[in-house]
Amino acid sequence: MNIITSIEDMQKLAAEVREKRKTIGFVPTMGNLHKGHASLINKAKTTSDFVVVSVFVNPTQFGPNEDYETYPRTLDEDAKLVEDLGADVLFSPSVTDMYPLDNPILVHVTQGVDVLCGEKRPGHFDGVATILTKLFHIVSPHHVYFGLKDAQQVAIVQQLIQDFHFQIQLFPCPLIREEDGLAMSSRNSKLSAEERKEALHLNRALKLGESLIEKGEKSSDVIKSSITRYFYENLILGEVDYVDILRYPELKPAAELSGQVIIACAVKYKQARLIDNRILMIPAPKEALGYAKTYDEK
Ligand code: AMP
């Protein structure tokens, strides 16, 4: 495997690969890789000819009081994993190379950012869209792979690709969990043993919401308040940042739930803010099915 730190070298190699008519699959990450990241790399391996994984802790997507400085950086271990998984390149540029001019131009996201992490982390998705625009130009991928662990990010990146006319196909990949149900995250390593135990309630709270929907509950307010009450009764160390249910991928609220929806939550612990979500399909109401049937039979 090739480890590249220079932007120019990465661009040159990408051009050579494209010249050979090979497809480039790209997995952007902030490193401290785990099985969630590995699942994206594996997907890239099976769907692209040449796989590039980037490791870059992107300063512009962190707020002033967030964990940019303490974000876990484990490049040597990451390189080993990326090599073991059979990727072709680990691209790990420096901050000064990626941002040489003190951010004179940033990409500004205006839709889908008034909810969930976008609302709670102002400017976060501007930073994400900015770094991805740069990385897409450098790596020049045909395919990009993103995890539904960050479902809002998937929806926004899809919009970025469309709006900026990138000729890139996005593969959304399933959220990978620990055996006990905790969503895998680089930030889990910053939890104390007690917090780690308590964090299991994120997945359980979302499951509760899902089971209410399966029983036929259609009101987002009812489901939201059940989840909020569950957190109130079960969290001692963590503080709820948000609980929401939205249409997905539109990221719009709907009082009466139907179609594909996301139930999402964020909980803050001392050194780590955790997010989790479940995306599910709500079957159309009987009357709607009845209407569709009549229409088909015409
Ligand atoms: P990060 O390094 O946290 O920026 O994540 C890089 C990519 O890995 C993003 O597309 C994430 O959504 C994805 N990812 C992180 N954790 C998971 C997980 N538990 N399951 C699936 N994908 C994940």
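Mentor: Let's start with H37, which sits in helix 2 (residues 35-47); helices (H or I, at least four residues) and strands (E, at least two) are DSSP runs, numbered from the N terminus. Keep in mind that this is a predicted model, where local features need pLDDT of at least 70 and side-chain atom pairs count only at pLDDT 80 or more, while totals for chains, interfaces and linings use all residues. Residues are numbered from 1 along each chain as its sequence is written, and side-chain values use heavy atoms, leaving out hydrogens and water.

Trainee: What does UniProt list H37 for?

Mentor: The record is an unreviewed entry, and its annotations may be inferred rather than shown by experiment.

Trainee: Is H37 buried or exposed?

Mentor: Buried means under 20% relative accessible area, exposed over 50%, and partly exposed in between (1.4 Å probe, protein chains only). H37 has 12% relative accessibility, so H37 counts as buried.

Trainee: Which residues is H37 in contact with, leaving aside neighbours within four places in sequence?

Mentor: Contact means heavy atoms within 4.5 Å. By that rule, H37 is in contact with T29, G31, N32 and S186.

Trainee: And Q61, is that buried or exposed?

Mentor: UniProt, again in an unreviewed entry, places a "binding site" at Q61. Q61 lies in the loop between strand 3 (50-55) and helix 3 (75-84). Its relative accessible area is 11%, so Q61 is buried.

Trainee: How is the protein chain divided, and what separates the domain centres?

Mentor: The bounds come from an automatic or database domain assignment, giving domain 1 (2-173) and domain 2 (188-278). Taken over C-alpha atoms, the separation of their centres is 26 Å.

Trainee: What area is buried between domain 1 and domain 2?

Mentor: Buried area is the accessible area (1.4 Å probe) that two parts lose on being put together, summed over both. Carbon and sulfur atoms give 63% of it here, and the area is about 1,300 Å².

Trainee: Which three residues supply 37% of the area that domain 1 buries against domain 2?

Mentor: That share is more than any other three residues supply. The three are L116, K120 and K149.

Trainee: Which side chains meet in a salt bridge at 3.1 Å, N to O?

Mentor: A salt bridge is a side-chain nitrogen of Lys or Arg within 4 Å of a carboxyl oxygen of Asp or Glu. The side chains that meet this way are those of D67 and K190.
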